[in-house]
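Please keep the sequence and the structure in view while working through the points.

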Amino acid sequence: KAIRVLDPELEGIRSEWTETAFYFHDAVHSFTLNGYDVGETLFGFPYDWRQSNDYPDTQTRLEELINNTFERTRRRVDLVSHSMGGLVVATYLARHFAEATRKVRSWVAIACPFHGGAGLVYRAWLHGYNFGNIFVRDETAHSMSLQSPST
């Protein structure tokens with residue numbers, strides 16, 4: 001259900017305060033206008049971005065989604081990833097090259113940090129930086145960044 005709205009409880013409550021929850025809404029709408037059906041040929045893939053891109057649970061779920069979609073549709077799968085999701089897909093493709101060659105037709109990576117993250121991420125990792133969040137102290141952000149394999 002969270003494919004259109006990142007927080008399904010906000011479905012139907014669109015305002016300036018909830019706009020970020022509708023991050024993929026317009027993209028999903030565009031895909032449906034072009035023949036994709038949510039839940040049939042168009043799926044979201046939520047994952048814990050704080051984990052490694054090679055986190056076994058994430059990689060297993062992605063493999064299962066690709067396999068199930070391929071089996072259901074009998075067509076090669078098109079993948080669209082955003083940000084670190086692109087690194088998750090790249091890891092899958094590298095580890096399952098032969099299978100992916102048979103089951104994946106195309107892959108589009110949008111805003112993927114193939115060459116690493118922005119400088120502020122390194123600042124957070126080395127010294128602590130709260131990215132402007134007044135509710136989180138720099139020291140807390142530093143501790144959080146050190147405990148998150150994705151940084």
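1. A residue is called buried when its relative accessible area is under 20%. In this predicted model, buried residues make up 26% of the 151 residues in the chain. The chain exposes about 10400 Å², of which carbon and sulfur atoms supply 56%.

2. The chain contains six helices and two strands. Followed along the sequence, these elements give the pattern α-α-β-α-α-β-α-α. Among contacts with a separation of 6 or more, 52% are between residues 24 or more positions apart.

3. One of the pairings links Ser81 with Ala109 in S2.

4. The side chains of S1 alternate along the strand.

5. Which residues form the largest nonpolar core? This core has eleven residues: Leu62, Ile66, Phe70, Val77, Leu79, Val88, Val89, Tyr92, Leu93, Ala100 and Val104. Helix H2 (56-73), strand S1 (77-82) and helix H3 (85-95) each give two or more residues to this core. H3 gives the most, with four residues. As general background, nonpolar side chains tend to be buried together in soluble globular proteins.

6. Leu79 deserves a separate look. Apart from its neighbours within four places in sequence, Leu79 is in contact with Ile66, Val89, Val104, Ser106, Trp107 and Val108.

Note on methods
Residues are numbered from 1 along each chain as its sequence is written. This is a predicted model: local features need pLDDT of at least 70, side-chain atom pairs count only at pLDDT 80 or more; totals for chains, interfaces and linings use all residues. Side-chain values use heavy atoms; hydrogens and water are left out. Buried means under 20% relative accessible area, exposed over 50%, partly exposed in between (1.4 Å probe, protein chains only). Contact means heavy atoms within 4.5 Å. Accessible areas come from the Shrake-Rupley method with a 1.4 Å probe; for residues, only the protein chains shown count as cover. A nonpolar core is a set of buried Ala, Val, Leu, Ile, Met, Phe, Trp, Tyr and Cys residues joined through side-chain atoms within 4.5 Å. Two strands pair if DSSP finds at least two bridges between them.
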